[in-house]
Amino acid sequence: MVCAVDGESGLCLGCFRTLGEIAGWRTLSDAERAAVMADLPSRRSRVDPAKLG
C-alpha cells in the first residue's frame with residue numbers, strides 16, 4: 001500500500017510493477033507472479049535514475 005507510480009514509465013518507483021500488476025496481484029497465479037518477479041530487475045532501467053533517490 002505504499003507504491004508510487006512514475007507517470008513516464010508507468011512503473012512503481014519501489015517495486016517496478018505496473019498499476020495493473022499491483023491492483024491484480026492477489027488474483028495472479030503463482031506462475032504469473034513468478035513471471036512478473038523475474039522481469040522486475042530489467043524494468044529498473046526504464047525509470048529515470050534521478051527519480052529513484
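Biologist: How many disulfides does the structure hold?
Modeller: The structure holds zero disulfides, a disulfide being a pair of cysteine sulfur atoms within 2.5 Å. This is a predicted model, in which local features need pLDDT of at least 70 and side-chain atom pairs count only at pLDDT 80 or more, while totals for chains, interfaces and linings use all residues. Residues are numbered from 1 along each chain as its sequence is written, and side-chain values use heavy atoms, with hydrogens and water left out.
Biologist: What is the relative accessibility of Cys-15?
Modeller: Cys-15 has 21% relative accessibility and therefore counts as partly exposed, the class between buried (under 20% relative accessible area) and exposed (over 50%), with a 1.4 Å probe and protein chains only. Cys-3, at 35%, also counts as partly exposed.
Biologist: Switching topic, what is the secondary structure of the chain?
Modeller: The chain has two helices and zero strands, taken as DSSP runs (H or I, at least four residues, for helices; E, at least two, for strands) and numbered from the N terminus.
Biologist: What does the C-alpha trace span along its principal axes?
Modeller: The trace spans about 35 × 20 × 15 Å. Of the 53 residues in the chain, 25% are buried.
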